[in-house]
Amino acid sequence: MSITIKTPEDLEGMRVAGRLASEVLDYLTPYVKPGVTTAHLDKLALDYIENVQGATSATVGYQPPGYPPFPAAICTSVNHQVCHGIPNDRPLKNGDILNIDVTVIKDGWHGDTSRMFIVGEGSIAARRLCQITYEAMWRGIAKVKPGARLGDIGHAIQTFVENAGYSVVREFCGHGIGRKFHEEPQVLHYGRPGTLEELVPGMVFTIEPMVNAGRREIREMPDGWTIVTRDRSLSAQWEHTVAVTETGYEILTLSAGYPPLPDFIRTTT
Ligand code: MF3
Ligand code: CO
Ligand code: CO
């Protein structure tokens, strides 16, 4: 197997899927408030994807080898949950931090994105973790251009996160994406500049750093999916689907409700 290079027509399809994924998060945003359950957010998301967007969820029934089928249209990872949290009937509380990760399929193409949400008013510590993780993702994205290497992305993310006093989760990474949900390459969120695969126009992959306020070690819960921090420290994650262009990158998972860009980001195409 190898890295698929997307044609201009392929990218047309991926732009649509990416925008739809981002629009699911726009749609959910006003519902993320104290008292709402993640199961309710999931119900809203699936209804929107299927009945408004005419798309399908990539995660409902998704079952990589060794996993039980994932039961929902969004992953909802709260506080010390790192990723792959399963929506449930516990109401969100003021001050919780929540990652919502959504992947939709439209015309066979996948769009995969996630954002952090702060429920009500977050603590200063919670807000800083979400902000640093957001900036870390964008620092990785800013490295994307032909001739750069995957290790440049990982290094930019790792150094920024560790200088802020946080740690990068190593067990999960970004991934190539297209007609398949997870394809080559693996996009590590740590590493050394000048190493690993060279980027060429038409590659499409996600950048989705998971950042822990404490130690980087994780644990898997008995549900077979939910990942938590071993030390129960808070964890945050942001994700975009990104295409390599002739001159740099194009973010495929943007939409009208996307939060403000960091000031060092001058362009999204
Ligand atoms: N969307 C996740 C990613 O960024 C994968 C979720 S798989 C699921 O790769 F089954 F947990 F939904
Ligand atoms: Co992903
Ligand atoms: Co995702």
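**Salt bridges, pair by pair**

Modeller: Happy to! Arg15 and Glu250 form a salt bridge through their side chains, at 2.6 Å from N to O. Keep in mind that this is a predicted model.

Biologist: Which parts does the pair Arg15 and Glu250 tie together?

Modeller: Arg15 belongs to helix α1 (residues 8–28) and Glu250 to strand β15 (residues 249–251), so the bridge links parts that are 235 residues apart in sequence.

Biologist: And is Glu250 buried or exposed?

Modeller: Glu250 counts as buried, because its relative accessibility is 13%, under the 20% cut-off. Arg15 is partly exposed at 28%.

Biologist: OK, new pair. How far apart are Glu23 and Arg19 in helix α1?

Modeller: They are four residues apart, which means about one helical turn separates them. Their side chains meet in a salt bridge of 3.4 Å, N to O. Glu23 is partly exposed, with 22% relative accessibility, and Arg19 is partly exposed too, with 35%.

Biologist: What does Asp26 pair with?

Modeller: With Arg115: their side chains form a salt bridge at 2.8 Å, N to O. Asp26 is in helix α1 and Arg115 in strand β5 (residues 109–118), so this pair joins parts 89 residues apart in sequence. Arg115 counts as buried, at 3% relative accessibility.

Biologist: Which residues do salt bridges with shared partners join into one network?

Modeller: Glu12, Arg15 and Glu250.

Biologist: Last one: how many salt bridges does the count come to?

Modeller: The count comes to nine, and the pair Arg15 and Glu250 we began with is one of them.

Note on methods:
Residues numbered from 1 in each chain as written. Chains lettered and ligands numbered in written order. Predicted model: local features only at pLDDT ≥ 70, side-chain atom pairs only at ≥ 80, totals over all residues. Heavy atoms only, no water. Salt bridge = Lys/Arg side-chain N within 4 Å of Asp/Glu carboxyl O. Helix = DSSP H or I, 4+ residues; strand = E, 2+ residues; numbered from the N terminus. Buried < 20%, exposed > 50% of the residue type's maximum accessible area, 1.4 Å probe, protein only.
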